[in-house]
Amino acid sequence: MPEGHTIHRAARDHAELLQGKTLAATSPQGRFTDGAAKIDGAVLSGTSAIGKHLLYHFDNGQVLHLHLGLGGYFRIYQQPVDPPREVTRLRLEGPTHALDIIGPNTCELIPEADLPALRMRYGPDLLSDMPEPARAIAAIRKSRAPIARLLMDQKVISGIGNIYRAEILWLRGLNPMTPGREISEEALKGLWDEMRELLQLGVETNAIITNGRPKKGEPITERTNIFAAETCPRCATEIEKSKLSGRTLYHCPTCQA
Ligand SMILES: [Zn+2]
């Protein structure tokens with residue numbers, strides 16, 4: 001499952017290749033033939049993301065809503081493009097590039113007017129241009145559930161996956177099992193701000209980097225502190241691994257007591 005920053009990054013990359021262009025839309029697999037016909041020949045006016053949902057806005061008022069789910073993925077081709085694979089749900093082809101969408105969970109057209117409702121179904125998106133920290137903080141402060149679970153609950157907050165969860169709780173010195181309602185408003189405000197900064201850096205670099213902004217000229221690779229680590233880089237205590245809702249949770253029992 002991609003973490004939130006990869007979806008925002010995809011929205012940005014796809015806009016760079018296709019925005020402002022007239023696109024040919026087809027459904028080689030045949031499962032989105034009617035939908036493709038409604039956007040075929042339209043101009044892509046922009047892209048956006050809500051958590052793990054991608055939105056492609058067309059100049060004829062149609063909005064393509066995509067959720068890749070666990071197995072969905074993209075393929076990008078440069079002109080002259082290869083013929084699409086048979087499993088391709090939707091191909092969007094512009095003058096320079098084509099984007100293939102394969103195996104998505106959701107691929108549908110929704111009216112522009114339904115976007116606010118879609119937005120309200122999910123917790124505030126950490127990378128939104130219109131951030132709503134107060135809504136996320138209120139949802140966390142109402143809950144008895146552990147903060148580690150709340151951060152991964154897309155109805156509470158959008159954008160955090162397993163790696164960012166482990167890292168952010170360690171950076172803030174928070175025990176993952178602390179009930180949401182026991183965390184102060186200020187602490188949650190600080191948590192929100194730092195999560196947003198980390199995800200913004202993720203979009204910028206296309207890598208999960210949680211141990212400081214890379215210096216100029218430094219190679220960009222994934223760099224974390226405690227995720228899948230043996231010992232804590234701050235205090236050398238052994239990192240504790242446990243399971244929560246089927247996902248591995250990492251934490252330092254000393255720094256996150
Ligand atoms: Zn430690």
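Residues are numbered from 1 along each chain as its sequence is written, and side-chain values use heavy atoms, with hydrogens and water left out. Because the model is predicted, local features need pLDDT of at least 70 and side-chain atom pairs count only at pLDDT 80 or more, whereas totals for chains, interfaces and linings use all residues.

Grid points are joined across faces, edges and corners, and a volume is the space filled by probe spheres set on the points. The largest pocket holds about 470 Å³ of space. Its lining comprises 22 residues, with His8, Ala49, Leu127, Ser128 and Asp129 nearest the centre. Domain 1 (4–121) and domain 2 (133–251) both contribute to this lining, so the largest pocket lies between them; the domain bounds come from an automatic or database domain assignment. At least two lining residues each are supplied by α1 (4–18), β2 (44–50) and α7 (185–205), where helices (H or I, at least four residues) and strands (E, at least two) are DSSP runs numbered from the N terminus. The lining has ten nonpolar, six polar and six charged residues, counting Ala, Val, Leu, Ile, Met, Phe, Trp, Tyr, Cys and Pro as nonpolar, Asp, Glu, Lys and Arg as charged, and the others, Gly among them, as polar.

The second largest pocket has a volume of about 160 Å³. Helix α7 gives the most to its lining, with six residues; the lining residues include Leu171, Ile209 and Arg213. By class, this lining divides into four nonpolar, four polar and four charged residues.

The largest nonpolar core has 29 residues, and Ile147, Leu151, Leu191 and Met195 have the most contacts inside it. Such a core is a set of buried Ala, Val, Leu, Ile, Met, Phe, Trp, Tyr and Cys residues joined through side-chain atoms within 4.5 Å; buried means under 20% relative accessible area, exposed over 50%, and partly exposed in between (1.4 Å probe, protein chains only). Two or more residues of this core come from each of α4 (133–141), α5 (147–151), α6 (162–171) and α7, with α7 giving the most, seven residues. Residues up to four places away in sequence aside, Ile147 is in contact with Ile140, Leu169, Asn175, Pro176, Thr178, Gly180, Ile183, Leu188 and Leu191, contact being heavy atoms within 4.5 Å. A second, separate core of 24 residues includes Ala11, Leu64, Leu90 and Ile101.

Nine of the ten residues of α6 are buried, among them Asn162, Arg165, Glu167 and Trp170. The buried residues of α6 pack against α1, α5, α7, β9 (240–244) and β10 (247–251). Gly173, which follows α6, has a positive phi near 65°.

One cavity of 30 Å³ or more is found in the whole structure.

Key: On a 1 Å grid over the protein atoms alone, a cavity is a set of points where a 1.4 Å probe fits but cannot get out, and a pocket is an open set with protein on both sides within 12 Å along at least five of seven lines; lining residues have an atom within 4 Å of a point.
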